[in-house]
Amino acid sequence: MSANPIYERLVHYRDLIREITDFEPEIAITLGSGLGNFADNIEVVKTVNYSDLPGFPCSTAPGHVGQFIFGMLGGKKVACMKGRLHYYEGYPMSDVVMPLRLLKMLGAKTAIITNAVGAINKNYKVGSFMVSRDCISFFVPSPLIGQNIDELGPRFVDMSDLYTKELREKVKAIASREGIDVNEGVFVQLTGPQFETASEIVALRTLGADCAGMSSGVEAIAGAHMGMKVCGISCITNMCTGVTDEKLSGEEVIEVANRVSRDFEKLIKLLVEEI
Ligand code: HPA
């Protein structure tokens with residue numbers, strides 16, 4: 001048994017879930033803000049509430065329920081994380097990535113990570129999508145800081161194919177076939193919870209970022225650490241601060257994400273079928 005307390009917690013939660021279900025997901029899907037209804041597409045085998053796992057961190061963000069939903073989608077065994085933990089809620093990064101790590105330990109080899117983002121790239125449109133080609137995450141602490149969990153992956157992790165090319169290509173092919181507006185670009189994770197200032201957006205554009213969000217980069221890193229194939233798909237809910245004169249709000253983010261959820265669900269469903 002590893003002396004690493006984070007790994008010990010993970011093993012404990014894995015064993016608790018194993019007492020509830022022997023379901024082994026192939027694909028883990030993290031649902032972003034406003035996208036929680038996606039789980040309605042799943043033929044549910046078992047639902048596990050985060051609150052069924054004593055001491056497991058619970059999401060407090062609006063629209064994030066805090067459930068693992070295990071079941072079938074497009075002929076594949078999937079696990080949806082309905083309710084994500086955000087760094088801005090005050091959780092350490094090791095808690096933020098705990099649900100994904102747990103799903104890997106239960107069997108998942110692929111992670112589809114979704115979120116709501118603001119567009120930095122002026123050519124992007126509200127209500128369209130971005131598949132991540134790469135990520136800038138150095139504005140937030142690495143989820144791998146601390147004693148390495150050797151059981152999960154190596155100390156130093158290659159980041160050259162953080163978002164698996166094969167999955168990105170599949171998303172783009174599905175999008176063009178189905179007439180869904182998807183750009184491929186660079187995602188930047190910030191801590192939030194405040195939206196960025198206009199000057200920060202100018203700086204981030206200079207760095208090469210196309211979209212900004214408050215989650216997901218660290219989950220992609222934790223997935224890559226564990227050798228998972230990772231795909232990041234973002235719903236563009238607004239243009240970032242200063243790109244237009246519009247003021248930003250959390251309500252608007254959720255409203256736009258809900259409005260385009262049909263296309264988003266289609267994209268993810270078809271991707272799952274083709275994996
Ligand atoms: N910035 C950061 N995160 C976001 C945004 C944004 O403009 N929109 C949705 N999530």
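**Entry 1: N121 and D210**

I began with the side chains of N121 and D210, which are joined by a polar contact of 3.0 Å in what is a predicted model. I placed N121 in the loop between strand 5 and strand 6, the latter covering residues 129-136. A polar atom of the N121 side chain also lies 2.8 Å from the backbone nitrogen of N123, and I noted this beside the contact to D210. Once neighbours within four places in sequence are set aside, N121 is in contact with D210 and M239. Is N121 buried or exposed? Its relative accessible area is 18%, and because the cut-off for buried is under 20%, N121 counts as buried.

**Entry 2: the ligand**

I then turned to the ligand and listed its surroundings, which come to 13 residues, with A116, G118, E196, G213 and N238 as the closest. From A116, a polar backbone atom is 3.2 Å from a ligand nitrogen, and for G118 I recorded a backbone N or O atom at 3.3 Å from a nitrogen atom of the ligand. The ligand taken alone exposes 260 Å², of which the protein buries 96%.

I also asked which elements give two or more residues to the shell around the ligand. They are strand 5 (110-119), strand 8 (211-213) and strand 9 (229-239), and strand 5 supplies the largest share, with three residues. Sorted by class, the shell holds eight nonpolar residues, four polar ones and one charged residue.

**Entry 3: cysteines**

How many disulfides does the structure hold? I found zero. For C135, which is in no disulfide, the nearest cysteine sulfur belongs to C211 and is 12 Å away; C135 counts as buried because its relative accessibility is 14%. C235 is likewise in no disulfide, and the nearest cysteine sulfur, again that of C211, is 9.8 Å away. With a relative accessibility of 0%, C235 counts as buried.

I looked up C231 separately and found it in strand 9, where it is buried with a relative accessible area of 1%. Leaving out residues up to four places away in sequence, C231 touches A111, I112, I113, V131, Y163, L167, V171 and L271. As a distance check I took C231 and S94, which are 137 residues apart in sequence and 20 Å apart in space, C-alpha to C-alpha.

**Entry 4: D95**

D95 lies in helix 2, which runs over residues 93-96. What does the side chain of D95 make a polar contact with? The partner is the side chain of R9, at 3.1 Å. Apart from residues up to four places away in sequence, D95 touches R9, P57 and L85. I recorded a relative accessible area of 10% for D95, so this residue is buried.

**Entry 5: R101**

I found R101 in helix 3, residues 98-105, and it is buried, with a relative accessible area of 3%. Its contacts, with residues up to four places away in sequence not counted, are I6, L10, P143, L144, I149, L152, A222, H225 and M226. For one of these, L10, I also took the C-alpha to C-alpha distance from R101, which is 7.6 Å across a sequence separation of 91 residues.

**Entry 6: helix 6**

Why is helix 6 described as largely enclosed by the rest of the structure? Nine of the nine residues of this helix, 217-225, are buried, and it is therefore largely enclosed.

Notes: Residues numbered from 1 in each chain as written. Predicted model: local features only at pLDDT ≥ 70, side-chain atom pairs only at ≥ 80, totals over all residues. Heavy atoms only, no water. Near = heavy atom within 4 Å. Polar contact = N/O pair within 3.5 Å; in protein donor to acceptor, adjacent residues only side chain to side chain. Areas by Shrake-Rupley, 256 points an atom, 1.4 Å probe, with all protein chains shown as cover. Helix = DSSP H or I, 4+ residues; strand = E, 2+ residues; numbered from the N terminus. Nonpolar A, V, L, I, M, F, W, Y, C, P; charged D, E, K, R; others polar. Disulfide = S-S within 2.5 Å. Buried < 20%, exposed > 50% of the residue type's maximum accessible area, 1.4 Å probe, protein only. Contact = heavy atoms within 4.5 Å.
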